Amino acid sequence: MLRNGAAGASSPSGKGANRPVRVWCDGCYDMVHYGHSNQLRQARAMGDYLIVGVHTDEEISKHKGPPVFTQEERYKMVKAIKWVDEIVPGAPYVTTLETLDKYNCDFCVHGNDITLTVDGKDTYEEVKNAGRYRECKRTQGVSTTDLVGRMLLMTKAHHSNIDEDMDYRKHTDNFGKCPKSHSPWTGVSQFLQTSQKIIQFASGKEPQPGDTIIYVAGAFDLFHVGHVDFLEKAHQIAKRPYIIVGLHFDQEVNLYKGKNYPIMNVHERTLSVLACRYVSEVVIGAPYSITADLLDHFKVDFVCHGMTEVVPDKNGSDPYEEPKKRNIFRLVDSGNNLTTDLIVKRIIKNRLEFEARNQKKEAKELAVLEAMKRREEEGALGKAGQEDHES
């Protein structure tokens, strides 16, 4: 059980005594995951107001390759992250001082990896040179490359409590890897959940008198815009909604979804859901069938489910039998038919393009690393030569 924070909480930065510190972030935000959310959480903590620029499909295709989600889907996903105060659709791919000034931003924040244009240039070079760039720590253990690999290889080794298998090891070694070498920014590493990370994502309040307690349950795998639309509709049921999300364990999800689902394990799904502004609390490992004990414990007013099929429990019973008996069950039509299955189909359809995209991206990163290494070596030689001359 994790209580979630609310959007727009006051900044702990201590800045803005005279005026609010405005922070800029930008990116593709394709297949938004907890790594993106963690970047935005860190950026928001550096100031008082966070503006996020999101690139168009055309710009992403030009510089990186085809995005998985459309720009409208990506705009909506970023808006739903609780640390975001405002988004700018169609933000330029290269971050300039002109953009920062246009939105009255003091500086921009990016992770400690590198973003390159189609020509291999650092997209943040101008703001870095002007001293209006800040860096936050990149989240280990998650990347779009890794998630795509899990879908394509159909491995289950990312599930909690499952030993690593050879297919997954091959994936972590080879998926999207440039033939010659390996970039530290593009690739796969293991995600290790910590209590500190959960606390950073979940710092909310208990329900207050007058709040309407709404319970929803499911896998919420590859947390996407379909989930966001559903949670937003559930949020609109009451004037003061308090939404509790029950997340099923990996083995439970695999039982009713089959294949290699869930694509993200329960620890990863927890952070993804906690980052959503409509969610107040998360129950990790919620029972598949909603019990009287659960409803009484959380004092649930409504239980909501989307328009997707309800799979019977192992004994053939309806998992929503108890809330239906109490007349607190509500079907919520989000108007969005996107599912995890459809996302996987998008990936498989464009498999070769995505693999080529990752290899092209990594090749550019390796070229930059090599240039940085050469500059460091030249600088060291120059310094040594100067010291010899002075002695």
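**Close-up views of a predicted model**

**View 1. The side chain of Lys82 and its surroundings.** In this predicted model, a polar atom of the Lys82 side chain lies 3.1 Å from the backbone oxygen of Leu274. Lys82 itself belongs to the loop that runs between α3 (71–79) and β4 (86–89). Although Lys82 is buried, it has no salt bridge, and the nearest side chain of opposite charge, that of Glu281, is 12 Å away. A salt bridge would require a side-chain nitrogen of Lys or Arg within 4 Å of a carboxyl oxygen of Asp or Glu.

**View 2. Ile243 and the residues around it.** Ile243 is part of strand β8, which covers residues 241–247, and with a relative accessibility of 0% it counts as buried. When its neighbours within four places in sequence are left aside, Ile243 is in contact with several residues, including Ile214, Val216, Leu231, Ala234 and His235. Tyr278, Val279, Ser280 and Glu281 are also among the contacts of Ile243. Phe302 is 59 residues apart from Ile243 along the chain, and the C-alpha atoms of these two residues are separated by 9.6 Å.

View 3. A disulfide is a covalent bond that joins the sulfur atoms of two cysteines. A search of the whole structure finds 0 disulfides. For Cys25, the closest cysteine sulfur is in Cys136, at 6.7 Å, and this is too far for a bond, because a disulfide needs the two sulfur atoms within 2.5 Å. Cys25 counts as buried, at 0% relative accessibility.

View 4. Cys304 is buried, and its relative accessible area is 1%.

Terms used:
Residues are numbered from 1 along each chain as its sequence is written. This is a predicted model: local features need pLDDT of at least 70, side-chain atom pairs count only at pLDDT 80 or more; totals for chains, interfaces and linings use all residues. Side-chain values use heavy atoms; hydrogens and water are left out. Buried means under 20% relative accessible area, exposed over 50%, partly exposed in between (1.4 Å probe, protein chains only). Helices (H or I, at least four residues) and strands (E, at least two) are DSSP runs, numbered from the N terminus. Contact means heavy atoms within 4.5 Å. Lys and Arg count as positive and Asp and Glu as negative; His and the chain ends are not counted. A polar contact is a pair of N or O atoms within 3.5 Å; within protein, one must be able to donate a hydrogen and the other to accept it, and residues adjacent in sequence count only if both atoms are side-chain atoms.
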